[in-house]
Amino acid sequence: MSRILLVNLSSLPMPGNEPIFPIGVHCIQQALEQAGHTARLIDFVEHPEAVYELSWASEEWDVIGFSIRNIDPIDLACDGHVDAYSAFVKKIKALVKENVVLVGGGPGYSLFADNLTELLGLHVGVRGPGEEIMLEIAADPQKFAARRQVIDGKRYEGFVSKVLKYPENLMHVYASGTKSMIGVETRRKTCFQRCIYCPYAYITGESSGDVKPLDILMEEISGIYNAGFRRIFFTDGIFNSGIAYAKQVVRMLSEKSWPGLTWSAYFAAQPFDDEFASLLKKSGVENIVVSPDSLDNDLMQRLGKNFDLAAMNRFVDTCRRHGLKMMVNVVFGGPGENRKTAENTANYINRVLEEDELSLHVGFRILPHTSLSKETGLKESELIYPTFYPFDNDLFQWMLKSLDSKFMTPARLMNLLAGRSSARRMGKVINQHDDSIGDGGTHVIAIRRIGSKSDSVIGGV
Ligand code: B12
């Protein structure tokens with residue numbers, strides 16, 4: 001049996017990082033332990049001293065797995081985390097015993113698996129669900145020591161047959177703040193939406209399409225509830241993508257009636273019918289989080305949303321009739337955003353939403369393996385530092401002018417100002433091969449912080 005150390009790099013103290021309960025790497029830990037291996041998780045929220053006191057790294061390990069959830073906070077005003085990850089992994093590598101097999105995984109890691117495996121100097125990078133591959137590595141670590149490789153994750157049967165036990169202490173350190181939610185997975189299905197900026201389908205890969213049996217899900221939630229925690233977030237890409245199963249889960253939540261338990265998830269505006277809404281109302285749902293991104297019909301189409309403004313209207317109407325609270329994600333600055341589309345979005349917000357129902361962002365982070373990255377032609381290696389789709393310099397003005405003042409809370413205003421100031425300091429990534437533009441053969445395809453390490457194509461601001 002092997003001794004495996006798992007390091008949650010996404011819990012490192014880094015500017016802009018607000019760690020959340022590490023459900024993904026905990027899934028790996030439990031799968032390894034259930035197969036008889038020793039698996040220890042180093043999480044820096046649980047053990048803050050472990051950032052500096054590194055003796056854990058030089059113990060006798062056969063495998064060390066690094067988990068990376070976020071590559072950056074996807075915010076104009078925030079730096080990326082890659083340099084912090086590299087520096088920390090370098091320190092650990094200097095301390096580990098010879099012959100230890102080094103593995104990387106996690107959602108952020110999966111997106112950049114080819115580059116990160118190289119950059120961090122690991123033996124194996126795993127793209128997607130990691131349990132099966134980690135079990136294979138643990139069974140014969142040295143088989144994986146010979147060459148650097150990136151492996152696609154596989155279906156893990158334990159997802160549908162074994163109850164995930166949530167460690168109390170880990171939940172405690174993460175859920176002590178009032179905002180924290182414990183992640184719970186209900187299904188492993190690829191996302192059916194086609195949003196041009198979103199990498200969910202790539203991260204989850206050709207997933208098995210497994211849905212968790214309700215009795216197992218119930219036991220997992222009971223475990224969280226009985227340990228005293230009251231807020232959960234279903235981590236599905238889109239909770240209601242399979243509406244029949246989503247209804248079963250919501251019915252289970254209302255029938256089981258865990259007093260005081262509240263939950264949330266990402267929803268799509270359709271399918272969303274009255275039966276679903278009335279079940280939701282009784283289930284303790286906190287917010288129906290929905291991401292139309294824009295509220296201009298043409299721009300929604302351009303963004304690849306699989307619902308239009310008419311569907312959004314029906315969704316809002318259903319939520320209102322059933323007294324459900326919405327949280328609507330809007331991102332200004334998408335491809336094709338202009339004064340008119342920005343005004344249309346702002347007018348919709350002004351007319352329909354309450355102040356606390358809006359989650360407001362500016363700028364689309366270009367992530368690899370998305371239609372947006374294909375459009376710009378930027379490769380994985382060119383996107384590893386925060387890179388955004390270019391938007392009009394007047395965007396912030398349009399927003400400030402057309403959004404009702406009730407939406408301009410101090411927090412939002414500060415964030416917008418920070419975003420504007422960051423955007424102004426960014427460099428332009430030029431497509432030097434595009435002659436169709438007529439401005440001397442140059443065409444801005446992205447904006448990126450000047451000084452990023454992958455900025456060979458950056459022009460001036
Ligand atoms: C649910 C979710 C949320 C919820 C989380 C709720 C909660 N309390 O857990 C909320 C809404 C809070 C959220 C917020 C954010 N999120 Co989010 N989120 C997701 C989502 C949809 C699912 C993540 C999840 O929990 N999956 C279930 C678990 C079990 O799977 P997993 O973590 O992937 O783990 C598996 C594998 O990755 C692998 N694995 C994990 N660790 C390791 C380690 C090793 C060694 C190996 C081999 C394998 C391995 O095996 C695991 C089990 O199969 C993903 C998209 C996606 N489809 O993955 C985005 C995603 C992870 N989020 C992302 C981001 C950026 C954020 C935010 C920073 C910003 C934002 N606006 O979205 C915030 C910040 C959160 C934070 N503080 O860290 C990005 C991260 C990548 C990136 N672009 O940097 C993703 C991929 C979406 C995206 N936009 O690209 N998020």
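Before you click anything, note that the model is predicted, with local features needing pLDDT of at least 70, side-chain atom pairs counting only at pLDDT 80 or more, and totals for chains, interfaces and linings using all residues. Residues are numbered from 1 along each chain as its sequence is written, and side-chain values use heavy atoms, with hydrogens and water left out.

**Stop one: the two domains**

Colour 3-152 as domain 1 and 158-375 as domain 2; these bounds come from an automatic or database domain assignment. Their C-alpha centres sit 27 Å apart. The contact between them takes 27 residues from domain 1 and 26 residues from domain 2, where contact means heavy atoms within 4.5 Å.

**Stop two: the ligand**

Now select the ligand and its surroundings. Where does it lie relative to domain 1 and domain 2? Both domains give residues to the shell around the ligand, so it lies between them.

The shell holds 38 residues, and Glu-18, Ser-67, Arg-69, Asn-70 and Ile-71 come nearest; a residue is near if one of its heavy atoms lies within 4 Å. By class, you'll find 21 nonpolar, 11 polar and six charged residues. Here Ala, Val, Leu, Ile, Met, Phe, Trp, Tyr, Cys and Pro count as nonpolar, Asp, Glu, Lys and Arg as charged, and the others, Gly among them, as polar.

Switch to a cartoon view to see where the shell comes from. Elements supplying at least two residues each include α1 (23-34), β3 (63-67), β4 (101-105) and α8 (200-204). Helix α1 gives the most, with five residues. Helices (H or I, at least four residues) and strands (E, at least two) are DSSP runs, numbered from the N terminus.

- From a backbone N or O atom of Glu-18, expect 2.3 Å.
- From a polar side-chain atom of Ser-67, expect 2.8 Å.
- From a backbone N or O atom of Gly-106, expect 3.4 Å.

A polar contact is a pair of N or O atoms within 3.5 Å; within protein, one must be able to donate a hydrogen and the other to accept it, and residues adjacent in sequence count only if both atoms are side-chain atoms.

**Stop three: Ser-10**

Select Ser-10, in the loop between β1 (3-8) and α1. Ser-10 is buried at 6% relative accessible area; buried means under 20%, exposed over 50%, and partly exposed in between (1.4 Å probe, protein chains only). Its side chain reaches the backbone nitrogen of Arg-69 at 2.7 Å. Leaving out residues up to four places away in sequence, Ser-10 touches several others, including Ser-67, Arg-69 and Asn-70.

**Stop four: Asp-210**

Jump to Asp-210 in strand β9 (residues 210-211). With a relative accessible area of 12%, Asp-210 is buried. Which residue's side chain makes a polar contact of 2.7 Å with the side chain of Asp-210? That partner is Arg-155. Beyond four places in sequence, Asp-210 also touches residues such as Tyr-156, Phe-159 and Arg-187.

**Stop five: the nonpolar cores**

Show the largest nonpolar core: of its 102 residues, Trp-263 and Met-312 touch the most other members. At least three residues come from each of domain 1 and domain 2. Such a core is a set of buried Ala, Val, Leu, Ile, Met, Phe, Trp, Tyr and Cys residues joined through side-chain atoms within 4.5 Å.

Centre on Met-312 and, setting aside neighbours within four places in sequence, look for its contacts, among them Ala-269, Val-290, Phe-307 and Tyr-348. A separate core of 51 residues includes Ala-50, Val-51, Trp-61 and Ile-203.

**Stop six: Thr-318**

Thr-318 lies in helix α13 (residues 309-321) and is buried at 6% relative accessible area. Its side chain reaches the backbone oxygen of Arg-314 at 2.7 Å. Not counting residues up to four places away in sequence, Thr-318 touches Phe-272, Asp-273, Asp-274 and Ala-277.

Find Pro-271 in the loop between β11 (262-267) and α11 (274-281); the peptide bond from Gln-270 to Pro-271 is cis, with omega near 0 degrees.

Then check two non-glycines with positive phi. Ile-74, at about 55 degrees, sits in the loop between β3 and α2 (82-95) and is partly exposed at 44% relative accessibility. Asp-293, at about 70 degrees, belongs to strand β12 (residues 285-293) and is buried at 3%.
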